[in-house]
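Good morning, and thank you for coming.

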Amino acid sequence: MGFFMFPMRQGIIVWLYSLKHSKQLRRYGNVHYVSKRLKYAVLYCNMDEAEDVMKKIASLPFVKRVEPSYRPYVKVEFESKVDKEKEYEYGI
């Protein structure tokens, strides 16, 4: 068993005029979710290819708008409110 390095992934939100063409997005990355009501698709691609993929997708005639997902840039370590209260109680 070897060590596998997983590439960093970037989510891309693609707003569509029509869902009829949503299957064509598969050639640009892994389609994770398609919303029928709001007419958008979420697809994932390698982070180093994300800018090029977004430009290619934006040039398609059935695409209304393309947005990157900001999830990789959001801090996910949270502080507990209880811990802060204890710090004030004990004067740490």
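This is a predicted model: local features need pLDDT of at least 70, side-chain atom pairs count only at pLDDT 80 or more; totals for chains, interfaces and linings use all residues.

Residues are numbered from 1 along each chain as its sequence is written, and side-chain values use heavy atoms, with hydrogens and water left out.

Four strands form an open antiparallel sheet in the order 2-3-1-4. Strands here are DSSP runs of E with at least two residues, helices are runs of H or I with at least four, and both are numbered from the N terminus. Two strands pair if DSSP finds at least two bridges between them. Strand 2 (30-35) and strand 4 (63-68) are the edges, each pairing on one side only.

Strand 1 (residues 9-16) pairs with strand 3 (residues 40-46) over seven bridges; Gln10 stands opposite Cys45, and Val14 has Ala41 as its bridge partner. Five bridges join strand 1 to strand 4, with Leu16 partnered by Val63.

How many residues of strand 1 are buried? Six of its eight are, buried meaning under 20% relative accessible area, exposed over 50%, and partly exposed in between (1.4 Å probe, protein chains only).

Helix 1 (residues 50-58) lies across strand 1, strand 3 and strand 4, where contact means heavy atoms within 4.5 Å.

Finally, Tyr73 sits in the loop between strand 4 and helix 2 (81-90). Tyr73 counts as exposed because its relative accessibility is 59%.

Terms used
Axes are lines fitted to C-alpha atoms, for helices over the stretch in contact, and angles run from 0 to 180 degrees between N-to-C directions.
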